[in-house]
Amino acid sequence: MLFKKKNTEIDLSSLDMKKVVSDAKLQHIAFIMDGNGRWAQNRGLPREAGHKVGVEAFRRIANKCKEYGIGTITIYAFSTENWARPKNEVNEIMRLLDKYISEAEKEDAENRSQYHVLGDKERLGADLKAKCEYLEDFTKDNPYVVNIALNYGGRDEIVRAANRLIAEGKTEITEEDISSNLFTSHSPDPDLIVRSGGEYRLSNFLMWQSAYSELYFCDTLWPDMDDMDLRKAIVEFSKRKRRFGGI
Ligand code: IPE
Ligand code: IPE
Ligand code: MG
């Protein structure tokens, strides 16, 4: 068993991931980064420490995705439901996101990422909202799309789209009307959704866009997420038969 596991790992690490991604037509991976709190608690640390290391894990995974030629990634950073957490934890997550956003601007040249913040920015406060908008504008010509779901809720997003259409005076709408009024209107639907942390649910993430996404769950807690976890998810995706309702 050990031998087999080792063998699989050797195979994974020697794979040409660019080729796997391109053969599998994998354009967009969305990540539900879960397990930061447990990672910290397992070490006797405050939950906030897990979020801090979680940001580093995100950088690592985002860079690998770019290296493998994945054009779009989306990260679930903070949900509309996460405001229910203790104030200290919410404040620390917001501080880390604020820091990440400031650094993303400085790293722009090497990063080559085009950032989009998905979610209602109003609740983030004027300062963070302005930083998000500045980053979006500053990076808009870069090739790799990085969507950060921040104060994001899938149901909230659909309701907003519907309300926008009503405000435009529409009395009958199409699927295309909804899709083009979501926060993700610039991105293809995710081909693959990866959730770390061992829970098997979507937690209000990309409810509309995930209609035909492949789902992949792993037990790794997000701060430990590494290249091998990513490779496993991509290789698993490459073996799936996507039928989109056909045969
Ligand atoms: C995910 O990790 C990050 C956010 C929701 C902001 P959690 O904080 O949910 O970690 P666990 O699930 O409690 O371990
Ligand atoms: C989902 O994780 C939200 C993010 C990753 C930002 P949660 O930890 O909030 O999800 P539940 O509560 O376990 O469903
Ligand atoms: Mg969680």
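**Reading loops, burial and overall form**

Q: In which loop does aspartate 16 lie?
A: Aspartate 16 lies in the loop between α1 (2–14) and α2 (17–23). Helices (H or I, at least four residues) and strands (E, at least two) are DSSP runs, numbered from the N terminus. This is a predicted model, in which local features need pLDDT of at least 70 and side-chain atom pairs count only at pLDDT 80 or more, whereas totals for chains, interfaces and linings use all residues. Residues are numbered from 1 along each chain as its sequence is written, chains are lettered from A and ligands numbered from 1 in the order in which they are written, and side-chain values use heavy atoms, with hydrogens and water left out.

Q: Why is aspartate 16 classed as partly exposed?
A: Buried means under 20% relative accessible area, exposed over 50%, and partly exposed in between (1.4 Å probe, protein chains only). Aspartate 16 has a relative accessible area of 46%, so it is partly exposed.

Q: Which backbone atom does the side chain of aspartate 16 reach?
A: A polar contact is a pair of N or O atoms within 3.5 Å; within protein, one must be able to donate a hydrogen and the other to accept it, and residues adjacent in sequence count only if both atoms are side-chain atoms. Here the side chain of aspartate 16 reaches the backbone nitrogen of lysine 18 at 3.2 Å. As for arginine 95, 79 residues apart from aspartate 16 along the chain, the two C-alpha atoms are separated by 37 Å.

Q: Is threonine 184 buried or exposed?
A: Threonine 184 has 6% relative accessibility and therefore counts as buried. This residue belongs to the loop between α9 (175–179) and β5 (192–195).

Q: Which residues does threonine 184 touch?
A: Contact means heavy atoms within 4.5 Å. Leaving aside residues up to four places away in sequence, threonine 184 touches Leu118, Glu157, Leu206 and Gln209. With glutamine 209 there is a polar contact between the side chains, at 2.8 Å.

Q: What polar contact does the side chain of threonine 220 make?
A: Its partner is the side chain of aspartate 229, at 2.9 Å. Threonine 220 sits in the loop between β6 (214–217) and α10 (227–239), and it counts as buried because its relative accessibility is 19%. Among the residues that threonine 220 touches, beyond four places away in sequence, are Asp34, Ser196 and Met225.

Q: What is the value of phi at arginine 112?
A: Most residues other than glycine have a negative phi. At arginine 112 phi is near 50°, a positive value in a residue other than glycine. Arginine 112 lies in the loop between α6 (108–111) and β3 (113–118) and is partly exposed at 41% relative accessibility. Serine 203, in the loop between β5 and β6, has a positive phi of about 50° although it is not a glycine.

Q: How many helices and strands are there in the protein chain, and what is its radius of gyration?
A: The protein chain holds 10 helices and 6 strands. Its radius of gyration is 18 Å, close to the 18 Å that the globule rule gives for 247 residues, so it is as compact as a globular protein of that length. The radius is taken over C-alpha atoms, and the rule is 2.2 Å times the number of residues to the power 0.38. Along its principal axes the C-alpha trace spans about 60 × 50 × 35 Å, and buried residues make up 49% of the 247 residues.
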